[in-house]
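Biologist: I am new to this structure and would like to learn how to read it. Could we go through a few features one at a time?

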Amino acid sequence: MQLPTVDYKAPDAAAQFVESLRNTGFGVLKNHPIPQSLVESIYKNWQDFFNSEQKQDFLFSKETQDGYFPPSVSEVAKGFTIKDIKEYFHVYPKGRVPAELEADVREYYRLASEFAGTLLSWVQAQSPADVRAKFSIDLKDMIAGSEQTLLRILHYPPMTGDEEPGAIRAAAHGDINLLTVLPASNEPGLQVQKTDGGWLDVPCDFGSLIINIGDMLQEASGGYFPSTIHRVINPTGKASTKSRISLPLFLHPHPGVVLSERYTADSYLQERLRELGVK
């Protein structure tokens with residue numbers, strides 16, 4: 001079984017895409033409007049940034065959660081005790097970005113956020129009436145102009161052989177947000193968990209866009225859209241000498257958006273951040 005790739009320009013693209021989300025928690029799109037040249041530029045220039053000592057000038061703020069997060073403070077996935085093998089930089093609309101990297105990354109944030117509104121409209125339009133009725137406002141309006149939506153530039157460094165036993169690039173986890181939008185990485189490794197507990201490789205055809213459901217959409221839809229567990233495994237052989245750059249955009253609603261009778265977007269986010277140990 002492979003995740004299907006949906007042609008964004010196909011007449012039934014919305015139906016195919018949402019069916020894939022429902023069945024696997026993931027959707028893969030080709031012929032989408034995010035320029036590949038922009039993604040390639042970001043991959044190259046941020047690789048240089050992570051290779052430099054300049055990153056230390058942008059150490060993260062615990063209050064604002066923006067900036068550079070070194071491997072020493074990298075996340076521990078929920079239910080795990082070993083840190084992931086990665087470092088990353090958080091970009092928010094009002095957050096810090098190195099001046100020479102800002103133009104590309106702000107443009108990508110804008111384009112991907114706009115496109116995400118289209119995808120959320122697809123999700124809403126393709127949902128059964130009883131599921132649509134659960135959404136407190138239109139899904140695209142939950143994120144419109146949200147300052148909570150997070151662009152994370154991830155760097156998984158080459159393997160050294162000195163990694164902590166059991167550590168992998170990203171341990172099995174679910175995302176917190178509504179949807180995550182991710183250009184296919186420059187290296188493979190992303191896997192999604194199947195219903196039988198096995199793992200499925202996510203296609204990494206350069207130019208594809210990978211979208212997955214987060215916990216907030218699962219909560220808002222009463223479980224109709226499943227937030228799927230995924231991970232990034234360690235490379236082997238020659239691939240282990242290569243870095244991996246990843247560019248997920250985590251779509252977060254405005255803090256006051258009501259997700260369910262139990263949660264607003266903010267109360268849900270704060271609970272999860274405490275669980276992850278970053279609050």
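**Reading the model**

Modeller: Asn31 is partly exposed, as its relative accessible area is 38%. Bear in mind that this is a predicted model.

Biologist: Where is Asn31 placed?

Modeller: Asn31 sits in the loop between β2 (26-30) and α2. Its backbone has a phi near 60 degrees, a positive value in a residue other than glycine.

Biologist: Which phi does Gln65 have, and is Gln65 buried or exposed?

Modeller: The phi of Gln65 is positive, about 60 degrees, although Gln65 is not a glycine. Gln65 belongs to the loop between α2 and β3 (67-69). Buried means under 20% relative accessible area. Gln65 has 9% relative accessibility and therefore counts as buried.

Biologist: How do I describe two packed helices?

Modeller: Two packed helices are described by the angle between their axes and by the distance between those axes. Here, helix α2 (residues 36-51) and helix α3 (residues 99-125) have axes that come within 10 Å and cross at roughly 135 degrees. The two helices α2 and α3 are therefore oblique to each other. Their crossing is left-handed.

Biologist: Which residues of α2 and α3 meet?

Modeller: From α2 there are Leu38, Val39, Ser41, Ile42, Asn45, Trp46 and Phe49; from α3 they meet Leu101, Asp104, Val105, Glu107, Tyr108 and Leu111. Sorted by class, this contact of α2 with α3 has nine nonpolar, two polar and two charged residues.

Biologist: Next, the sheet. How do strands of a sheet pair?

Modeller: Strands pair through backbone hydrogen bonds, in either a parallel or an antiparallel way. In this model, four strands form an open sheet with antiparallel pairing, and their order is β6-β11-β8-β9.

Biologist: Which strands stand at the edges?

Modeller: The edge strands are β6 (170-173) and β9 (199-201); each has a single partner strand, so one side of each is left without a neighbour in the sheet. On average, neighbouring strands of this sheet are turned by 20 degrees against each other, direction ignored.

Biologist: How many bridges join β8 to β9?

Modeller: Three bridges join β9 to strand β8 (residues 190-193), and the two run antiparallel. As one example, Gln191 has Asp201 in β9 as its bridge partner.

Biologist: Last, where does Arg244 lie?

Modeller: Arg244 is in strand β12 (residues 244-246). Its relative accessibility is 3%, so Arg244 counts as buried. Arg244 and Ser37 are 207 residues apart along the chain, and their C-alpha atoms are separated by 18 Å.

How values were computed: Residues numbered from 1 in each chain as written. Predicted model: local features only at pLDDT ≥ 70, side-chain atom pairs only at ≥ 80, totals over all residues. Heavy atoms only, no water. Axes fitted to C-alpha atoms, helices over the stretch in contact; angles between N-to-C directions. Parallel < 35°, antiparallel > 145°, perpendicular 65-115°, else oblique. Left-handed = near helix turned anticlockwise from the far one by under 90°. Contact = heavy atoms within 4.5 Å. Nonpolar A, V, L, I, M, F, W, Y, C, P; charged D, E, K, R; others polar. Buried < 20%, exposed > 50% of the residue type's maximum accessible area, 1.4 Å probe, protein only. Pairing = 2+ DSSP bridges.
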